[in-house]
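Welcome, and please have a look at the model below. A short tour of one interface and two residues comes after it.

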Amino acid sequence: MSIIKLENVYFSYTADKDVLKDIDMEFEKGKVYGVFGKSGAGKSTLLSLIAGLETVKKGQILYKGKNLNKMNKDDYRSNEIGVIFQSYNLLPHLTALENVVLSMDISKVKMSNKKQEELAIKLLDRVGIDEEKAKRKILQLSGGEQQRVSIARALSYGAEVILADEPTGNLDKETENEIIEILTSLAHDDNKCVIIISHSSKIKQKVDILYYLVNGKLEDSKASKK
Amino acid sequence: MYIIKNAYLSLVRGKGRNILIGIIITAIIVSACIALSIKDSSDALIQSYINSNLLEISFTLDTMSYRDATDEEKAEYESLTIEKVIEYGDSDYVTDYYYTMETTVSGTDLTAISYDLDSDSSDNSSDDKFGGQSGSFGSIGDFRLSAYSNAAYINDFVDGVKKIIDGSMIESDNTDAVIVISEELALENDLKVGDEVELYLPSDETVAYTFTILGIYSDDSEVESNNFISMNATNSRNQIYTNFTSIEAFIEAESNVTDDDTTDDADKEDFGHGMMMQTSEGLTAKFYLESSSDLEAYEAEVRSKGLSDLYQITTNEDEVTATLEPIKNLSSFSVSFLIIILIVGAVVIGIINMINIRERKYEIGVLRAIGMNKLKVTMQIVAEIFMVSLGSLIIGITIGVLLSQPVTNSMLANEIESMNSEQSSQTENFGSGNFERPSMNGGRGGMNDIGDINYGSLDYVDTLNVSLDIKTIFELLLVCITLTTVSGVISVLFINKYEPNKILQNRA
């Protein structure tokens, strides 16, 4: 059963040109999905639509059978899905730990400050950030470390869907492998639905289902199964 | 709770910017604190002056309204009588009241005191009409005969300008034909307590009564006259005090004389009103209310008791507070200053906040992208401004308290200097001589004070003790909340403008 379903989705930034056309997609829990395509194919726009950062012009996106347009987008973003941005989008004046705790605060997860911190340290540790680094300000961490913090933040409130936009785009090969391992384990071990938008051939090899976007349309209108 | 925590972290992160905002808000709070302290203290002082001096009110016939009144209104009009005054005085609002009656009389073999003390006394002959600076004038006699319902209201005796030096003052319940005269008049005419004097109506010498001198008073008032035509009756040495029984006899007789003089019926009617007004001018009544807030209710009461609309109700509120003119000006200036401060402050804070939010666009974008709603983002930014404002409020009040007294002293001194120099300048404009307006301090008026109007500059109140009370602190809190609200509104407008995806895409 799909957790996210796109039905006949169209989107355009301007009135005269559709960036996405007639998109039908389905995403299930426990699988890693890869959305590939050339630059300008509409990959990031697709992620924005699934993340609730943009609104479809035509068609609909269903989350657990509910039309996303009729849901509170802020609640959806803070509780149901975790987004890992290519440029991390962490708050630089906060520490890694504070960034993770902040997303817990914003979500509906209610626990004591102490428990929040314990969970955040555990999550950061899982993605390779030890307690000493967790207490550093974001700008005192490397790009790879920041991306790990970003993953920990996306996991902090128990979202069932993880969206990752070019998660390894700014990382070296060794770190890239580690990040891919973390993301795939989230689907396979934690039964999450992981959707990765990428150019990376390594990711292409690791995902369970591939989608190709060409000029805003799904190639063959079908997902290619590995 | 996390909003407050995040706001605090954000404050610490942007120390430099927040210190700058804090300094600006502190400057606004200090200015507002001084302005409010001055305003509240001034208002309190003015109010305490009004409260400590009972509100004195009197009824004055509006002659212009009387002239323009319809025949019907004139027919309904009733002049003020002693009976009416007593009826109006019998009110829960009135703490005390008194009335006086005055007329002028002439004396048989009684020489009046001239204004020029060096020259011989004037001839009291009634043929001397228009005859000189200090002569009789028409049917106005040389002596001013006054009666008070309560001698305690004769200001000259209260102030000590006049003192009984022989005999005694006339008691309220005395109905005998008795008078109290001045020391000078007694000396001039070789009179003493117990002697008898005949006084008569200037317009009819046959109306004459004999009075016994009950007391003699000394008079320290100035004898210089500033009147255009100096009449003996206006010289306070020629003032004779008596009781109502005696004065009413003269006034009643004078009404009859006036009536007899009229020949034409129409003239008689008009002159009848004239007589009535003359009588009413002779009767002056003052009522004292506990508080100016009772005035409206009291007016309604006396109107319902029959006081004609042609009578205006006048109070001494402005006169009582005349010496507070610089304080009033200071208070008025403070209010204007406060309004300007608030407007300028709100604009400055608004601009700083706009810049602040623009700088923090990325942070807002991230918070929005991870699901923080617009209201909470706004609350966080408002909480930051509120924390800065609160800190500034504490510092601002402390500095304001320290500065408000010296600033007030300096401003008040400048204000008094400016008013005094304006007064001197007006005097110079007239050249030599005394052309200053009479002081209204003390609230005396009416015919009985013609001779002793207090000329000269006012001694303005030159001390204002400013203090910060709970009310002022509450007002400052309001100022603070206003500034925070302005900031909040600007935050909301800006934050609603930004969509998280656009902010993050632009940055990427």
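What follows is a report on how two chains meet and on the surroundings of two residues.

## About the model

This is a predicted model, in which local features need pLDDT of at least 70 and side-chain atom pairs count only at pLDDT 80 or more, while totals for chains, interfaces and linings use all residues. Residues are numbered from 1 along each chain as its sequence is written, chains are lettered from A and ligands numbered from 1 in the order in which they are written, and side-chain values use heavy atoms, with hydrogens and water left out.

## Where chain A meets chain B

Let us begin with the interface. Here 21 residues of chain A are in contact with 19 residues of chain B, contact meaning heavy atoms within 4.5 Å. The two chains bury about 1900 Å² between them, and 59% of that area is on carbon and sulfur atoms. Buried area is the accessible area (1.4 Å probe) that two parts lose on being put together, summed over both.

Two salt bridges are counted between chain A and chain B; the term stands for a side-chain nitrogen of Lys or Arg within 4 Å of a carboxyl oxygen of Asp or Glu. One of them pairs Asp74(A) with Arg368(B), whose closest N and O atoms are 2.9 Å apart.

On the side of chain A that touches chain B, α2 (73-80) and α3 (96-106) each supply at least two residues. The most comes from α3(A), with six residues.

## Tyr13(A)

Tyr13(A) sits in the loop between β1 (2-11) and β2 (20-28) of chain A. Its relative accessibility is 46%, so Tyr13(A) counts as partly exposed (between 20% and 50% relative accessible area, 1.4 Å probe, protein chains only).

Leaving out residues up to four places away in sequence, Tyr13(A) touches Val19(A), Thr45(A), Glu54(A) and, from the other chain, Gln505(B). The side chains of Tyr13(A) and Thr45(A) make a polar contact of 3.2 Å.

## Thr168(A)

Thr168(A) belongs to the loop between β7 (161-165) and α7 (173-188) of chain A. Thr168(A) counts as buried because its relative accessibility is 6%, buried being under 20%. Its side chain makes a polar contact of 3.4 Å with that of Glu176(A).

Definitions and conventions: Helices (H or I, at least four residues) and strands (E, at least two) are DSSP runs, numbered from the N terminus. A polar contact is a pair of N or O atoms within 3.5 Å; within protein, one must be able to donate a hydrogen and the other to accept it, and residues adjacent in sequence count only if both atoms are side-chain atoms.
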